[in-house]
Amino acid sequence: RHVVLVRHGQYDESSEKDEERILTPLGRLQAIRTGKRLREMMDGSESFASSRFRGPCPISAVRVSTMTRARETAELIAAELGLQVQDPDPD
């Protein structure tokens, strides 16, 4: 089993309201690229052949905090993985 932690992409810090702290264009690109890279891990990409990682590495869930920027990042990553975003486990 593996747990992969990802920090949100770059976001707009000009507001103190969480719902207005959305990803910048760069932050969206960061999230999409992260999703593509995780997809390579899932599929066991040849780009990992020379490292200690030996894929494939199945990813079965994408969980996210309640922060707007985190949710937006997770949704972009999940779209690349063909998964749905799940709310945090309350336990």
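## Ground rules

Since this is a predicted model, local features need pLDDT of at least 70 and side-chain atom pairs count only at pLDDT 80 or more, while totals for chains, interfaces and linings use all residues. Numbering starts from 1 along each chain as its sequence is written, and side-chain values use heavy atoms, with hydrogens and water left out.

## Overall layout

The chain has 2 helices and 2 strands, and along the sequence they come in the order α-β-α-β. Helices (H or I, at least four residues) and strands (E, at least two) are DSSP runs, numbered from the N terminus.

Of the 91 residues, 30% count as buried; buried means under 20% relative accessible area, exposed over 50%, and partly exposed in between (1.4 Å probe, protein chains only). Take the contacts with a separation of 6 or more: 47% of them join residues 24 or more positions apart. Contact here means heavy atoms within 4.5 Å.

## How the helices pack

Two packed helices are described by the angle between their axes and the distance between the axes. Here the axes of helix 1 (residues 25-43) and helix 2 come within 8 Å and cross at roughly 40°. Axes are lines fitted to C-alpha atoms, for helices over the stretch in contact, and angles run from 0 to 180 degrees between N-to-C directions. The crossing is right-handed, the label used if the near helix is turned clockwise from the far one by less than a right angle (anticlockwise gives left-handed).

On the helix 1 side, the residues in contact include Ala31, Ile32, Leu38 and Met42, and they meet a helix 2 set that includes Thr73, Leu76 and Ile77. By class, this contact has 7 nonpolar, 3 polar and 5 charged residues. For the classes, Ala, Val, Leu, Ile, Met, Phe, Trp, Tyr, Cys and Pro count as nonpolar, Asp, Glu, Lys and Arg as charged, and the others, Gly among them, as polar.

Thr73, in helix 2, is buried because its relative accessible area is 4%. Beyond four places in sequence, Thr73 touches Arg7, His8, Gly9, Leu23 and Ala31.

## The largest pocket

The largest pocket has a volume of about 720 Å³. A pocket is an open set of points on a 1 Å grid over the protein atoms alone, where a 1.4 Å probe fits, with protein on both sides within 12 Å along at least five of seven lines; lining residues have an atom within 4 Å of a point. The volume is the space filled by probe spheres set on the points.

There are 23 lining residues, with Val3, Val4, Ala61, Val62 and Arg63 nearest the centre. The lining has 15 nonpolar, 5 polar and 3 charged residues. Helix 2 gives the most, with 5 residues, and strand 1 (62-63) supplies at least two.

Ala61 sits in the loop between helix 1 and strand 1 and is partly exposed at 34% relative accessibility. Its C-alpha is 7.3 Å from that of Val85, 24 residues apart in sequence. Ala61 also touches Leu83 and Gln86, leaving out residues up to four places away.

Glu20 and Thr24 both belong to the segment before helix 1. Which of the two states applies to Glu20, buried or partly exposed? Glu20 is partly exposed, at 41% relative accessible area, whereas Thr24 is buried at 18%.

Setting aside residues up to four places away, Glu20 touches Asp12 and Ser15, while Thr24 is in contact with Gln10, Tyr11 and Asp12.
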